[in-house]
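Here are a few notes to go with the structure. Keep it open and look up each side chain as you read.

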Amino acid sequence: QVQLVESGGGLVQAGGSLRLSCAASGRAFSSYTMGWFRQAPGKEREFVAAIFWSGGLTDYADSVKGRFTISRNNAKNTGYLQMNSLKPEDTALYYCAAGPGWPKRRYDYWGQGTQVTVSS
């Protein structure tokens, strides 16, 4: 069993940066793929980024490539999403998730989300 808790969201101006964290409980986290997703009001949840359990492989949505960086520290059971050059369209509730598989990924565990709001 893995429990995930996101933090680091907030209000930021366009062009600014935020770093989200995903704190995990449970040993299995270090063996799982971790992903970040987001959901804006009135829209479906969308994939943002994913990282292999070892950190050696990453994947990004086209909309965030070059601006966001996903990373993890398995010794701390924590994952991160560094978000730079933020745009108003990045405003959403951001979730972290974990589960087996790469490149075909299945996310069995989800956090409650942290709100990111980017003002223009």
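1. Let's start with Glu46: its relative accessible area is 35%, so it counts as partly exposed. Keep in mind that this is a predicted model. Glu46 has a salt-bridge partner, Arg38, and their closest N and O atoms are 2.6 Å apart. Arg38 itself is buried, with a relative accessible area of 5%.

2. Now for another charged pair: Arg67 and Asp90 meet in a salt bridge, 2.7 Å from N to O. Arg67 sits in the loop between strand 6 and strand 7, while Asp90 is in the loop between strand 8 and strand 9, 23 residues apart. Arg67 is buried at 11% relative accessible area, and Asp90 is buried too, at 0%.

3. Searching the whole structure turns up six salt bridges. One of them joins Asp62 and Lys65, at 3.2 Å from N to O. Here Asp62 is exposed at 65% and Lys65 is partly exposed at 48%.

4. On to the rings: the whole structure has seven aromatic pairs. In one of them, Phe37 and Phe47 have ring centres 5.8 Å apart and planes at 70 degrees, so the pair is edge-to-face. Phe37 lies in strand 4 and Phe47 in strand 5, so the pair ties together parts that are 10 residues apart in sequence.

5. Ring pairs also link Phe37, Phe47, Tyr107 and Trp110 into a cluster. Take a look at Trp110: Arg45 lies over its face, 3.9 Å from the ring centre. Likewise, the charged end of Arg105 sits over the ring of Trp102, 4.5 Å from its centre.

How values were computed
Residues are numbered from 1 along each chain as its sequence is written. This is a predicted model: local features need pLDDT of at least 70, side-chain atom pairs count only at pLDDT 80 or more; totals for chains, interfaces and linings use all residues. Side-chain values use heavy atoms; hydrogens and water are left out. Rings of Phe, Tyr and Trp (its six-membered ring) pair if their centres lie within 6.5 Å; planes under 30 degrees apart count as stacked, over 60 as edge-to-face and the rest as tilted. Helices (H or I, at least four residues) and strands (E, at least two) are DSSP runs, numbered from the N terminus. A charge sits over a ring if NZ of Lys or CZ of Arg is within 6 Å of the ring centre and within 35 degrees of the ring normal. A salt bridge is a side-chain nitrogen of Lys or Arg within 4 Å of a carboxyl oxygen of Asp or Glu. Buried means under 20% relative accessible area, exposed over 50%, partly exposed in between (1.4 Å probe, protein chains only).
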